[in-house]
Amino acid sequence: MKIKILGMGCPNCLQLEKNAREALQVLGIEAVIEKVTQVQEIIKYNVLQMPALVVDEQVCLSGRIADVEELTDLLKNKK
Amino acid sequence: MVQELVSWIAVTVLGLEPGSRFEQSLNFFITDGMTILVLLALMTFLMSLLRFYLPIEKLRNFLAKYNWWGADYLLAALFGAITPFCSCSSIPLFIGFLGAGIPLGVTFAFLITSPLINEVAVALMIGLFGWKITAIYVVAGLLMGIAGGYIISRLKMERFVAGFIQGKGQDGTAAEPARKISKAVVQLVAKEAWGIMKQVTPYVLAGVLIGAIIHGYVPRGLLEKYVGNDNVLAVPIAVALGVPSYASAHSVIPIIQPLVEKGVPLGTALAFMMATVGLSLPEALMLKKVIRWPLLLTFFGVVSVGISIIGYTVNAVW
């Protein structure tokens with residue numbers, strides 16, 4: 001599972017990354033989380049708001065933070 | 001009414017001297033704090049519900065499709081008002097809108113109102129300033145968006161948008177089928193609204209605390225000497241101070257209201273508020289990545305002038 005967090009360093013983006021790492025830990029999944037901060041890369045995903053969560057090249061979430069609970073549910077179903 | 005109750009508790013139960021500075025501060029903090037939190041919870045929930053049915057992809061698709069003979073500026077301004085704003089979203093939003101074919105001026109109308117008008121700002125303003133002034137603020141913000149967007153479109157500055165965006169012709173994310181109201185939706189929205197409240201409340205209370213201190217301890221008329229209507233340049237100075245500042249509505253508004261009580265003219269205060277909340281250095285730095293100096297300066301310039309005009313007008317007629 002390849003996870004990307006799209007964001008340019010604002011507190012929301014950092015919080016999403018933090019929650020995502022925690023969710024992975026809870027689920028016991030080993031996955032790579034990549035932070036995408038370059039504009040050219042971000043716009044490839046067609047999202048309108050940050051932060052955004054991309055799992056295996058599919059945009060799952062954009063424009064808000066999700067808490068650890070929501071992320072664990074989300075990632076569990078992606079396995 | 002709440003204020004009287006709080007006063008009574010402060011004086012009778014806590015033994016505070018009525019009218020004392022501490023009692024005034026405490027009263028402000030509790031009365032206004034409570035009113036604001038209730039309004040905030042209500043507005044956050046309603047707006048989250050609204051946004052559930054009008055997600056931004058739908059707004060973008062709508063703006064791209066219909067131009068309604070120029071009313072699209074009004075629509076963009078309204079859509080911006082209901083959309084929450086984070087400076088880091090300005091780029092993907094800007095690119096996404098342009099890529100979908102939405103004109104530059106219309107996109108800017110959205111970008112102008114989005115940070116200015118949001119449920120937190122409105123809740124705070126109703127709680128602290130009352131309906132009338134809040135209505136003035138909202139209308140002023142919308143006019144700012146419409147006028148600003150229109151002016152930018154007339155200046156034909158499309159050539160200052162970074163090359164890698166133009167003609168990108170992004171496919172709109174497919175609009176989802178219409179969402180129905182259901183208990184599950186309400187629960188989901190309530191949860192999201194609660195999350196927002198948890199995040200925002202500490203900052204709101206901090207702002208109300210500072211406001212309470214100003215309310216109780218700053219002598220009336222002190223500020224009038226420096227920023228009263230005698231100083232013709234007060235409004236542009238307020239705007240110049242506010243523009244680079246990065247603070248959100250919930251930090252600025254609770255501080256502004258007691259200042260107005262203490263003698264700062266309403267127009268000057270509103271101008272400062274709009275400049276602080278509506279424009280910021282981080283937003284400029286973000287946009288700089290996708291638009292060039294002439295357009296960026298024009299954007300900031302037009303909005304600053306507009307806010308100053310609003311400030312002078314309110315001072316003159318209020």
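The following legends describe close-up views of a predicted model.

**View 1. The contact between chain A and chain B.** Chain A contributes 16 residues to this contact, and chain B contributes 24 residues. Between them, the two chains bury about 1,700 Å², of which 62% lies on carbon and sulfur atoms. Of the area that chain A buries against chain B, 40% comes from Ile43(A), Asn46(A) and Leu48(A), more than from any other three residues.

View 2. Asp67(A) and Lys191(B) form a salt bridge, with their closest N and O atoms 3.9 Å apart.

**View 3. The side of chain A that touches chain B.** Helix 1 (11-27) and helix 2 (39-42) of chain A are the elements that give two or more residues to this side. By residue class, the side of chain A that touches chain B comprises nine nonpolar, five polar and two charged residues.

**View 4. Buried residues of helix 3 of chain B.** In helix 3 (residues 56-65) of chain B, the buried residues are Ile56(B), Leu59(B), Arg60(B) and Leu63(B). These buried residues line one face of helix 3 of chain B, because they fall within an arc of 100° when seen down the helix axis. Their packing partners in chain B are helix 4 (72-82), helix 5 (90-99) and helix 6 (104-116).

Terms used. Residues numbered from 1 in each chain as written. Chains lettered and ligands numbered in written order. Predicted model: local features only at pLDDT ≥ 70, side-chain atom pairs only at ≥ 80, totals over all residues. Heavy atoms only, no water. Contact = heavy atoms within 4.5 Å. Buried area = accessible area lost by both parts, 1.4 Å probe. Salt bridge = Lys/Arg side-chain N within 4 Å of Asp/Glu carboxyl O. Helix = DSSP H or I, 4+ residues; strand = E, 2+ residues; numbered from the N terminus. Nonpolar A, V, L, I, M, F, W, Y, C, P; charged D, E, K, R; others polar. Buried < 20%, exposed > 50% of the residue type's maximum accessible area, 1.4 Å probe, protein only. Arc of directions from axis to C-beta.
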